[in-house]
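Please read it alongside the sequence and coordinates shown here.

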Amino acid sequence: MNSKLFLLLLLFAWQPCVATHLEVGVKAIRICIDETEYPPLNYFIRLDGQKTTVNAGFDIELLRRVLASSDWQVNLVAAPWPRCLLEVEQGRLDAAMAASANAERRATFLLSRPYFYLSPSVAFLTERFPLLAEDGIPKRLDSLGRVCGIRGFNYAYYGQPDDLDIARSNEIFQFSDLLLKRRCEFFLINREVFNAILRLEGQETLSAKLAILPMAGGAKVPFYMLVSRRSPHAQALVEDFNQGIDRLEKSGALARLWARFTARLGGKVAP
């Protein structure tokens with residue numbers, strides 16, 4: 001078994017990950033998250049700057065709180081993001097966490113209510129484009145140089161043309177190296193993820209070299225859980241998830257949880 005998957009399953013020890021006999025009424029579901037780290041949603045805790053094998057993140061803790069009832073048996077599956085989407089579409093997995101929306105996804109999946117928001121931004125070396133903040137983001141970012149992003153990610157909400165030329169990488173943690181080594185002039189990244197990566201890696205000093213500017217007019221973008229229309233539990237999962245998010249939001253717990261995994265994400269201890 002993939003070591004990440006094994007770890008993630010262990011983290012859900014509050015309900016059996018493998019059960020030969022389910023209690024009457026219990027719904028067993030498989031929910032996919034990106035197998036690569038994507039803080040603050042999913043990452044490995046660092047101790048003294050070293051990556052441990054202990055997984056944490058906003059999505060993982062949120063699922064504990066929202067679906068931690070006797071009605072659900074949750075099994076987390078870590079897979080490459082494009083495979084997550086494919087297997088949810090085909091019904092082999094019930095849902096995928098932390099997805100933005102577009103017309104294709106709305107037609108293909110059921111969407112939960114939004115449960116967090118990110119700020120679409122672009123990172124670059126300050127010395128390469130010192131006046132960009134004053135000049136503003138051009139209508140075509142690729143007119144200024146090579147634009148990079150992550151394979152399988154939706155960038156439709158970044159306010160750029162649909163045919164924007166984006167060189168795709170497999171690992172978002174490479175973004176700073178790609179910029180520093182001039183393999184990319186720009187990297188499309190949400191500001192919250194940018195900040196979380198620098199804190200997690202103890203690379204806050206890079207903020208002196210790297211600039212990050214808002215895109216899409218500075219609007220924040222909602223993210224959802226995508227649910228397979230082929231899942232036998234599709235409607236119940238969406239309803240229970242939405243009700244759980246509503247409950248956390250009304251109590252203030254949702255905002256506190258988000259703050260815990262953004263404002264306090266540290267490189268030495270668990271959030």
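**Helices and salt bridges**

E61 and R64 both belong to helix α2, where they sit three residues apart, about one turn of the helix. The model is predicted.

- E61 and R64 form a salt bridge, with 3.7 Å between the closest N and O atoms.
- An α-helix has 3.6 residues a turn, so residues three or four places apart point the same way.
- E61 counts as buried because its relative accessibility is 18%, under the 20% cut-off.
- R64 has a relative accessible area of 23% and is partly exposed.

**Other salt bridges**

- Twelve salt bridges are found in a search of the whole structure.
- One of them joins the side chains of K51 and E37, at 3.2 Å from N to O.
- K51 is in strand β3 (residues 50-56) and E37 in the loop between β1 and β2 (43-47), so this pair ties together parts that are 14 residues apart in sequence.
- E37 is buried, at 6% relative accessible area.
- E37 and K51 also take part in a network of salt bridges that links E37, R46, K51 and E201.
- Another salt bridge is formed by the side chains of E185 and R182, at 3.6 Å from N to O.
- In that pair, E185 is buried with a relative accessible area of 12%, whereas R182 is partly exposed at 46% relative accessibility.

**Packing of α2 against α8**

- Helix α2 (residues 58-66) packs with helix α8 (residues 234-251) at an angle of about 100 degrees, and their axes are 9 Å apart.
- The two helices, α2 and α8, are therefore roughly perpendicular to each other.
- On the α2 side the contact is made by L62, L63, R65 and V66, and on the α8 side by D240, F241, G244, I245, R247 and L248.
- By type, the residues of the contact of α2 with α8 are six nonpolar, one polar and three charged.

**Surroundings of α3**

- Which residues of helix α3 (residues 81-89) are buried? They are W81, C84, L85, E87 and V88.
- The buried residues of α3 pack against the strands β1 (27-34), β4 (72-79), β5 (95-99), β6 (109-111) and β13 (221-228), and against helix α4 (103-108).
- After α3 comes G91, which has a positive phi, near 90 degrees.

Note on methods: Residues are numbered from 1 along each chain as its sequence is written. This is a predicted model: local features need pLDDT of at least 70, side-chain atom pairs count only at pLDDT 80 or more; totals for chains, interfaces and linings use all residues. Side-chain values use heavy atoms; hydrogens and water are left out. Buried means under 20% relative accessible area, exposed over 50%, partly exposed in between (1.4 Å probe, protein chains only). Helices (H or I, at least four residues) and strands (E, at least two) are DSSP runs, numbered from the N terminus. Contact means heavy atoms within 4.5 Å. Axes are lines fitted to C-alpha atoms, for helices over the stretch in contact, and angles run from 0 to 180 degrees between N-to-C directions. Angles under 35 degrees count as roughly parallel, over 145 as roughly antiparallel, 65 to 115 as roughly perpendicular and the rest as oblique. Ala, Val, Leu, Ile, Met, Phe, Trp, Tyr, Cys and Pro count as nonpolar, Asp, Glu, Lys and Arg as charged, and the others, Gly among them, as polar. A salt bridge is a side-chain nitrogen of Lys or Arg within 4 Å of a carboxyl oxygen of Asp or Glu.
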